[in-house]
Amino acid sequence: FIILDGIVESTVAKNLKSSQLNLQKGSSLGLIDAILDRPFSRNMKAKSTVSLAVIEKGMIKNILASNTFSGALIKSLVIDIDNKYPNTWS
């Protein structure tokens, strides 16, 4: 999902620690999870009226598969981001 308008609170609780972010227009929800083909890992709650653009997971996979080199590079960068900032961007 891409936030078109509004504010979304994104939270995750792991190992008794909680991580919370407020996401706004232009932010993506679940993009890293979609690219890494894993279940969605954060809880989202609308803090205002929210408009979203829906991007099908299959479309993301098709874009990454259409160019093997670019797809591998993007996936590698996403893995690095996810490892450096666990529980943040998913």
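N67 caps the N-terminal end of helix α3, with a side-chain oxygen 3.2 Å from the backbone nitrogen of F69. Such a polar contact is a pair of N or O atoms within 3.5 Å; within protein, one must be able to donate a hydrogen and the other to accept it, and residues adjacent in sequence count only if both atoms are side-chain atoms. The model is predicted: local features need pLDDT of at least 70, side-chain atom pairs count only at pLDDT 80 or more, and totals for chains, interfaces and linings use all residues. Residues are numbered from 1 along each chain as its sequence is written, and side-chain values use heavy atoms, with hydrogens and water left out.

The chain has three helices and five strands. Their order along the sequence is β-β-β-α-β-β-α-α. Helices (H or I, at least four residues) and strands (E, at least two) are DSSP runs, numbered from the N terminus. Of the 90 residues, 24% count as buried. Buried means under 20% relative accessible area, exposed over 50%, and partly exposed in between (1.4 Å probe, protein chains only). Among contacts with a separation of 6 or more, 64% join residues 24 or more positions apart. A contact requires heavy atoms within 4.5 Å.

Helix α3 covers residues 68-84. Its 17 residues should span 24 Å at 1.5 Å a residue, and the end C-alpha atoms are 24 Å apart, which agrees. The expected span is 1.5 Å times one less than the number of residues. The buried residues of α3 are G71, V78 and D82. They cover an arc of only 35 degrees around the axis, so they lie on the same side of α3. The arc is that of the directions from the helix axis to the C-beta atoms. Cover for these buried residues includes α1 (31-35) and α2 (57-66). The face turned away from the buried side carries the exposed residues F69, N83 and K84.

The largest pocket has a volume of about 260 Å³. Of its 15 lining residues, F1, L29, G30, A34 and I55 are the closest to its centre. The elements that give two or more residues to this lining are α1 and α2. Helix α1 gives the most, with three residues.

Strand β4 (residues 43-46) contains A46. This residue is exposed, with a relative accessible area of 52%. A46 and N22 are 24 residues apart in sequence and 9.6 Å apart in space, C-alpha to C-alpha.

Terms used: 1 Å grid on protein atoms, 1.4 Å probe; cavity = no way out; pocket = protein on both sides within 12 Å on 5 of 7 lines; lining within 4 Å. Points joined across faces, edges and corners; volume = space filled by probe spheres on them.
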